[in-house]
Amino acid sequence: TVPSLERGVRLFRPDVLMIGATGRNAGKTELLCRLIRNHAARMPIVALKVTTVVHAEGSCPHGGEGCGTCSSLGEPWCVTRELDAASDKDTSRLLRSGAREAWWLRVHEEALADAAAGLLSHVPADWASVCESNRLRRVVEPGLFLQVRSATDRTVKESARSVAHLADRIVVSDGTSFDLDLERVSVL
């Protein structure tokens, strides 16, 4: 069973590196992949991806045509383990980069606190974890929270704006490189 969190309570998880982005295609998955490659030989890493469902009906909240991911979520939240490292999905890319496990959380926004506890229960003791999410930062206090911003696109989505003040650093990306020396990111 997963413990339930009271509203407003945050989970303190110093073993989590969380990366959000100010917009789509800003480079957060690429940044996570590079960080995993830099550290996977020294420690086991779990990769976590979060998709928050804000509107399950109508147009896709992630842009473009709906893929069914959001509309098919019948329960408050669902965690799925990624086993296929060969696909083009972000979780597969994270596995190919060296993560030993990858988990995908789909969650209705109102269930985020309980879902966070459920997702983090998949992180074994003494393993590090990397996580893609802005909204999860509302209920989890990670060891480090980076927010990636595109060098060319200045728009900021609401989920990023709401947690921007919690970012330890804004990382600017041109899609292939970052204004952060990745060797400076280490696990203590």
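By class, 13 nonpolar, 4 polar and 2 charged residues make up the lining of the second largest pocket. The model is a predicted one.

**Pocket**
- The volume of the second largest pocket is about 420 Å³.
- Its lining consists of 19 residues, and those nearest the pocket centre are Pro14, Asp15, Leu17, Ser186 and Val187.
- At least two lining residues come from each of β1 (11-21), α1 (28-39), β5 and β6 (140-150).
- β1 gives the largest share of the lining, with 4 residues.

**Glu132**
- A polar contact of 2.5 Å links the side chain of Glu132 to the side chain of Thr29.
- Leaving aside residues up to four places away in sequence, Glu132 touches Ile19, Lys28, Thr29, Leu32, Leu48, Lys49, Val50, Asp90 and Leu94.

**Trp104**
- Trp104 counts as partly exposed because its relative accessibility is 27%, which falls between the limits of 20% and 50%.
- The side chains of Trp104 and Thr51 are joined by a polar contact of 2.8 Å.
- Trp104 and Thr51 are 53 residues apart along the chain, and their C-alpha atoms are 7.6 Å apart.

Note on methods
Residues numbered from 1 in each chain as written. Predicted model: local features only at pLDDT ≥ 70, side-chain atom pairs only at ≥ 80, totals over all residues. Heavy atoms only, no water. Polar contact = N/O pair within 3.5 Å; in protein donor to acceptor, adjacent residues only side chain to side chain. Contact = heavy atoms within 4.5 Å. 1 Å grid on protein atoms, 1.4 Å probe; cavity = no way out; pocket = protein on both sides within 12 Å on 5 of 7 lines; lining within 4 Å. Points joined across faces, edges and corners; volume = space filled by probe spheres on them. Nonpolar A, V, L, I, M, F, W, Y, C, P; charged D, E, K, R; others polar. Buried < 20%, exposed > 50% of the residue type's maximum accessible area, 1.4 Å probe, protein only.
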